[in-house]
Amino acid sequence: MTVFSGNGFKKNSIHADTWAMLEKARQDGVETVWDRLEQQQPQCGYCSLGTSCRICTMGPCRVDPFGDGPQKGVCGADADIIVARNLARMIAAGASAHSDHGRDILEALYLVGEGKTDTYKINDPAKLKKLAAEYGIETKGKKDLKIASELAWEIMEDYGMRREKLPLAARAPKARQEIWEKTSTYPRGIDRENVEMLHRTTMGVDNDWVNILLHGVRTSLSDGWGGSMIATELSDALFGLPTPKMSSMNLGVLKADHVNIILHGHNPMLSEVIAAASQDQELLDLAKENGATGINLAGVCCTGNEVLMRRGIPMAGNHLMQELAIVTGAVELMVVDYQCIMPSVVETAKCYHTKVVSTFDKAKFPGAEHVSFDPQHGMDIGKKIVRMAVENFPKRVGAKVNIPVESVQMMTGFSIEAILQALGGTPQPLIDAIVKGQIRGAVGIVGCNNPKIKQDLGHTELTKRLIENDILVVVTGCATVADGKAGLMVPEAADKAGPGLSAVCKALGIPPVLHLGSCVDNTRILVLAAALANTLGVDISALPLAGAAPEWYSEKAVAIGAYVVASGIYTVLGTTPPVFGSPNVVKLLTEGLDGVFGATFAVEPDPNRAAVLIRRHIEKKRAGLNLPAIDPDSIGLPEAELALV
Ligand code: BF8
Ligand code: SF4
């Protein structure tokens with residue numbers, strides 16, 4: 001097997017599997033996301049600043065916020081309006097993506113409850129009953145399926161217009177709910193907030209940029225305390241509550257002698273049936289007949305996170321690895337559902353024997369084979385797709401196969417219920433450790449990869465700086481793979497943490513970086529924050545918590561950032577949002593929100609500097625709670641500065 005040193009590609013990523021496969025891609029004549037980013041240079045300055053508008057055909061318009069160019073679009077919209085409208089539409093798109101994913105799971109729950117599918121069953125009746133109680137559904141004497149059907153029917157109302165308040169938002173502390181009420185941002189129906197956002201931002205409707213952004217907040221909250229939370233909670237009820245377990249990561253999880261199937265996208269409905277189908281004896285026998293030792297599944301992106309959390313299925317990579325997984329030449333089939341799937345994977349697959357199979361009728365990929373997914377015939381569809389992979393194994397070209405690294409171990413499965421169980425049933429031990437200062441605070445590092453940033457550098461450097469300063473890190477989404485591959489998510493990584501955090505981790509046998517799941521599972525962070533705040537009798541904004549999205553790219557990340565800040569958690573972004581064309585919007589996001597929501601955004605591409613901002617914030621919050629605190633101004637920048645690209 002050729003050994004690819006990856007020399008020449010070390011600027012693109014911190015990880016050896018990426019370097020090697022970028023070199024192989026070059027040799028195989030395959031174009032990647034990094035090549036296309038280069039072809040796009042220079043990218044449009046107006047769009048980067050958020051001051052271009054193509055909402056109507058009097059435009060497209062551009063506003064020049066610095067020079068002598070036009071200061072208004074054809075309709076008269078200025079930079080503030082245009083930037084606010086663009087940002088609000090990003091929130092609506094992201095919130096819609098998460099919430100529509102939640103809707104698909106909800107429909108599946110309804111079908112299960114009505115006895116219309118036997119593809120899934122209720123895997124966690126306790127969670128189902130807890131949810132039913134939150135929705136005011138009597139459960140005594142009722143069968144699980146009946147509860148499921150009634151609960152699903154009730155949650156469908158969350159998407160409509162009868163609700164004045166989303167029921168799951170009642171999990172937030174009272175003080176937080178009062179802020180939402182006062183600012184008219186308490187989320188009502190999920191679809192309603194999203195549609196109203198689109199309405200308001202069409203030409204000639206809401207032209208008060210503050211008013212637009214406030215509704216952006218409401219829309220994001222309908223995601224965080226609505227659509228995403230529904231996706232997470234119902235996935236737990238249907239597919240099982242994640243519990244701690246070991247798994248592995250990077251391209252080394254692909255097996256040279258197995259049929260390899262990559263699960264890519266976000267919705268676990270399909271991947272759950274693929275996981276079951278891959279254990280089907282007939283298909284395993286067929287794999288053997290075709291010369292393979294077995295059938296191996298590996299995840300990419302958030303579908304990967306879902307099956308990793310619940311089933312311990314290993315993860316081949318995060319967002320920027322989707323093309324490179326195919327470049328190994330060892331993938332028989334990549335099955336995709338929706339979101340974050342680059343259309344380019346179909347082109348990449350053409351250079352190898354890999355089949356790309358799309359499955360959701362709302363997410364088709366020209367050039368891919370489409371097998372329409374339907375939860376009522378889930379298992380047959382799952383088997384059909386696994387069979388396609390097995391039958392494709394003999395077409396593999398041995399000379400093209402290159403699995404460049406050994407896999408790395410990591411620990412996964414930290415649902416909030418599992419964390420509480422590890423703590424003995426209550427958040428009190430965690431609170432005690434925070435009060436004593438053994439743990440200074442907790443930070444959620446979330447979100448994507450973006451080829452504008454050296455892959456995984458933002459996530460891993462920030463994580464290291466935080467844990468070595470006794471700050472517990474929880475991760476979701478693509479940040480998980482970055483930290484997992486860097487060896488930060490095994491119990492032994494406690495040695496890389498400061499003395500306080502290290503002692504807590506060793507006592508509990510957990511890593512200093514906990515995997516909470518996929519991007520819809522950021523709602524687990526909200527639930528944990530609410531539980532801590534409610535136990536202490538304070539608002540979330542009083543807690544020594546922060547969020548960070550060091551390498552974000554997606555509209556979904558904008559929705560997440562907005563609901564996290566609107567829930568009272570300070571959030572640092574690593575990539576620059578397209579808002580800098582409006583100093584007013586920037587001032588509101590980075591300062592003004594504090595007076596209303598008790599939290600703001602910050603933008604800091606350098607993870608070392610981001611760590612300083614977060615540590616200062618955490619110490620300020622500690623002081624506010626009268627906990628032993630370090631003087632924030634004494635926390636200086638570390639000496640080494642990093643080259644980001
Ligand atoms: O929902 S972290 S690149 S995979 S958007 Fe996409 Fe970003 Fe990854 Fe998951 Ni989330
Ligand atoms: Fe131009 Fe106004 Fe139309 Fe936007 S809405 S494209 S700024 S005319």
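Helices (H or I, at least four residues) and strands (E, at least two) are DSSP runs, numbered from the N terminus. This is a predicted model, where local features need pLDDT of at least 70, side-chain atom pairs count only at pLDDT 80 or more, and totals for chains, interfaces and linings use all residues. Residues are numbered from 1 along each chain as its sequence is written, chains are lettered from A and ligands numbered from 1 in the order in which they are written, and side-chain values use heavy atoms, with hydrogens and water left out.

**View 1. Asp470, in the loop between H18 and E12**. Asp470 has a phi near 65°, a positive value in a residue other than glycine. For background, most residues other than glycine have a negative phi. At 12% relative accessibility, Asp470 counts as buried (buried means under 20% relative accessible area, exposed over 50%, partly exposed in between, with a 1.4 Å probe and protein chains only).

**View 2. Strand E11 and its partners E12 and E14**. Take a look at E11 (residues 441–445): five of its five residues are buried, so the strand is largely enclosed by the rest of the structure. Gly441, Val443 and Ile445 cover one side, Ala442 and Gly444 the other, and all of them are buried. E11 pairs with E12 (residues 471–476) in the parallel sense over five bridges (two strands pair if DSSP finds at least two bridges between them). Ile445 has Val475 as its bridge partner in E12. To get from E11 to E12, the chain passes through helix H18 (residues 457–467), and this β-α-β crossover is right-handed; that is, with the strands pointing away from the viewer, the path from the first strand over the helix to the second runs clockwise. E11 also runs parallel to E14 (residues 545–549), joined by four bridges, and Ala442 has Leu545 as its bridge partner in E14.

**View 3. Strand E13 beside E12**. Here E12 and E13 pair in the parallel sense, with four bridges. Thr476 stands opposite Gly517 in E13. Five of the five residues of E13 are buried, so E13 is largely enclosed by the rest of the structure.

**View 4. Cys519 and the nickel atom of ligand 1**. Cys519 sits in the loop between strand E13 (513–517) and helix H21 (522–536). Its SG, at 2.2 Å, is the only protein donor of the nickel atom (donors are N, O and S atoms within 2.8 Å of the metal, or 3.2 Å for Na, K and Ca; water is not among the atoms, so sites may look incomplete). The four donor atoms around the nickel subtend angles of 89 to 161°, which makes the arrangement irregular. Four donors count as tetrahedral if all angles lie between 85 and 135 degrees; four count as square planar and six as octahedral if opposite donors are over 155 degrees apart and all others between 65 and 115; anything else is irregular.

View 5. Pro60 lies in the loop between strand E1 (52–53) and strand E2 (61–62).

**View 6. Cys340, another positive phi**. Cys340 is not a glycine, yet its phi is positive, about 65°. You'll find Cys340 in the loop between strand E7 (333–336) and helix H14 (344–350), buried with a relative accessible area of 16%.
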